[in-house]
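Here is a friendly walk through one protein model, written for someone who likes cut-offs stated plainly. Have a look at the sequence and the structure first, and then read on.

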Amino acid sequence: KVVVDQVAGDGTVRHWEFTANYDGKDSPVTGNNPDADVVARSRINATTVQTISKKGGKVTTTQTSAVSSDGKTRTVTTKGVNGSGQQVNNVAVYEKQ
């Protein structure tokens, strides 16, 4: 289960969530996610998960989340097009404290 609460730069408040299995099948997104109304998740291997987001049946973004072999770093790469039609090419790195 994923739950997201965020405030955008323009002050827009968003809340959305989904529950998905790692089976590649579409799962509904509830709330006000501007980029997806369904997601499909797959486990690539023991340390990597892929999430494909879709809006209106069309793929918007593909996100890959990989945990390092030592378990201390997670890298999330998101590519595609957001709900506004803008290119997305983001990399976020999280380090365990």
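Which residue lies over the face of Tyr94? Arg74 does, at 4.7 Å from the ring centre. A charge counts as sitting over a ring if NZ of Lys or CZ of Arg is within 6 Å of the ring centre and within 35 degrees of the ring normal. Arg43 is placed over the face of Tyr22 in this sense too, at 4.5 Å from the ring centre.

A word on the ground rules: this is a predicted model, where local features need pLDDT of at least 70 and side-chain atom pairs count only at pLDDT 80 or more, while totals for chains, interfaces and linings use all residues. Residues are numbered from 1 along each chain as its sequence is written, and side-chain values use heavy atoms, with hydrogens and water left out.

**Rings and core**

Searching the whole structure turns up 1 aromatic pair. Its members are Trp16 and Phe18, stacked with 6.3 Å centre to centre and 15 degrees between the planes. For this label, rings of Phe, Tyr and Trp (its six-membered ring) must have centres within 6.5 Å; planes under 30 degrees apart are stacked, over 60 edge-to-face, and the rest tilted. Trp16 and Phe18 are both buried, where buried means under 20% relative accessible area, exposed over 50%, and partly exposed in between (1.4 Å probe, protein chains only).

In soluble globular proteins, nonpolar side chains tend to be buried together. Setting aside neighbours within four places in sequence, Val29 is in contact (heavy atoms within 4.5 Å) with residues including Trp16, Phe18 and Val39.

Lys54 sits in strand E6 (residues 48-55); strands (E, at least two residues) and helices (H or I, at least four) are DSSP runs numbered from the N terminus. Is Lys54 buried or exposed? Lys54 counts as buried because its relative accessibility is 19%. Beyond four places in sequence, its contacts include Asp35, Val38 and Thr60.

Val38 belongs to strand E5 (residues 38-45) and is likewise buried, at 19% relative accessible area. Among the residues that Val38 contacts, again beyond four places in sequence, are Asp26, Val29 and Lys54.

His15, in strand E2 (residues 13-18), is partly exposed at 32%. Asp5 is 10 residues away from His15 in sequence, and their C-alpha atoms are 4.6 Å apart.

The table lists side-chain polar contacts: pairs of N or O atoms within 3.5 Å, where within protein one must be able to donate a hydrogen and the other to accept it, and residues adjacent in sequence count only if both atoms are side-chain atoms.

| Side-chain pair | Distance |
|---|---|
| Lys54 and Asp26 | 3.0 Å |
| His15 and Asp5 | 2.6 Å |
| His15 and Glu17 | 2.8 Å |

**A hairpin**

Strands E8 (residues 73-81) and E9 (residues 87-95) pair in the antiparallel sense over 9 bridges; pairing requires at least two DSSP bridges. Val81 stands opposite Gln87 in E9. The hairpin has 5 residues between E8 and E9, and Gly85 in the turn has a positive phi of about 85 degrees.
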